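Subject: Structure handover

Hi,

Please load it first, then read my notes below.

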Amino acid sequence: MRASTSISTTCLLSTSILLAACGGSSDDSNSATNKNNITLPSNSVVLTEQNARDMSNLAIVQFEMIDGLETLTPSSSPQKASLPSYATTVTVNEACPSGGEYTGTFASDTNSESANLTLTQCNFGTLEFSFTLDGALNSLESWDFDGNYTRSADGSLDILFADQLSYNFSFEMDEVGSTFSYEYNLDITFAMSGEQIGGFLVTTLQTLQGNYLLDTVTDGILLIEGGQGSQVKLTVVALNTIEIEFNNGSGTFSYVDTIFL
């Protein structure tokens with residue numbers, strides 16, 4: 001969620017191997033839909049009690065990655081720095097942190113800003129972790145003088161890690177919050193699909209709530225859907241504490257584990 005999550009490509013790759021070994025994949029096409037028509041991929045992995053924890057960790061890692069894409073909004077770009085205070089739109093063409101570029105348009109007025117971007121070999125690299133993104137990303141944020149804000153984003157991207165793990169994902173996210181209290185309410189939907197990890201769909205059953213200054217999550221429920229009607233539910237039961245439950249398609253959830261962010 002918004003709380004810090006330790007992440008590595010080794011963890012992602014080992015998770016994908018475990019999912020393939022324990023769950024396998026399915027051609028089940030009984031897809032859930034949402035406003036942007038993000039659906040369960042046709043190569044959906046079958047979730048099991050054995051792989052539920054690893055799938056949960058993978059979903060949380062992907063959530064963190066999607067949430068971090070907001071840093072690409074060109075809020076510190078030279079183009080934006082020169083914008084007048086009245087409504088205007090500019091074209092952006094900027095380098096990503098470790099190579100590649102993002103291009104598109106950025107619009108701003110007195111209480112909102114938006115970006116429509118295309119990422120090309122956009123690399124985020126460190127000594128321990130590196131990945132490259134290609135695809136489209138859109139965002140819109142507005143605010144008032146009382147510190148309240150709304151933010152939405154969506155996109156469809158391909159991702160390649162340094163160790164050659166790759167997959168594609170589509171997402172949509174809506175958030176409201178306060179820049180004074182730092183509290184937020186967030187809903188997210190995303191689907192992932194790749195040869196090594198299979199596919200799955202994540203939706204919000206109950207809005208996630210937390211505090212981004214304290215890096216905490218205090219409430220909310222996410223649902224992971226896999227093949228053959230299998231599901232894993234992630235429920236925030238206490239501060240940065242998530243309970244994992246598994247449903248094999250019968251409609252009944254059973255407790256699996258508790259993880260801490």
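Cys96 and Cys122 form a disulfide (a pair of cysteine sulfur atoms within 2.5 Å). Their sulfur atoms sit 1.9 Å apart. A search of the whole structure finds 1 disulfide. The torsion about the S-S bond of Cys96 and Cys122 is about -110°, so the disulfide is left-handed. Cys96 lies in the loop between β1 (88-95) and β2 (101-109), and Cys122 lies in strand β3 (residues 112-125), so the pair ties together parts that are 26 residues apart in sequence. Helices (H or I, at least four residues) and strands (E, at least two) are DSSP runs, numbered from the N terminus. Cys96 counts as buried at 5% relative accessibility. Cys122 also counts as buried, at 0%. The classes are buried (under 20% relative accessible area), exposed (over 50%) and partly exposed (in between), with a 1.4 Å probe and protein chains only.

A word on provenance. This is a predicted model, in which local features need pLDDT of at least 70, side-chain atom pairs count only at pLDDT 80 or more, and totals for chains, interfaces and linings use all residues. Residues are numbered from 1 along each chain as its sequence is written, and side-chain values use heavy atoms, with hydrogens and water left out.

Next, Thr132. Thr132 lies in strand β4 (residues 130-143). At 13% relative accessibility, Thr132 counts as buried. Its side chain makes a polar contact of 2.9 Å with the side chain of Asn123. A polar contact is a pair of N or O atoms within 3.5 Å; within protein, one must be able to donate a hydrogen and the other to accept it, and residues adjacent in sequence count only if both atoms are side-chain atoms. Leaving aside neighbours within four places in sequence, Thr132 is in contact (heavy atoms within 4.5 Å) with Gln121, Cys122, Asn123, Asp158, Ile159 and Leu160.

Strand β7 (residues 183-194) and β8 pair in the antiparallel sense over 9 bridges. Two strands pair if DSSP finds at least two bridges between them. β7 and β8 form a hairpin with 3 residues between them. Leu186 stands opposite Leu208 in β8. On to β9: β8 and β9 pair in the antiparallel sense over 8 bridges. The bridge partner of Gly210 is Val217 in β9. Of the 14 residues of β8, 10 are buried, so β8 is largely enclosed by the rest of the structure.

Asp215 is found in the loop between β8 (198-211) and β9 (216-225). The hairpin of β8 and β9 has 4 residues between the strands, and Asp215 takes a positive phi near 60° there. Asp215 counts as partly exposed, at 25% relative accessibility. Gln228 has a positive phi of about 55° although it is not a glycine. Gln228 lies in the loop between β9 and β10 (231-238). Gln228 is exposed, with a relative accessible area of 53%.

Last, helix α2 (residues 52-68). α2 has 17 residues and reaches 24 Å from its first C-alpha to its last, close to the 24 Å expected at 1.5 Å a residue. The expected span is 1.5 Å times one less than the number of residues. In α2, 12 of the 17 residues are buried, so the helix is largely enclosed by the rest of the structure. The buried residues include Met55, Leu58, Ile60, Phe63 and Ile66.

Best wishes
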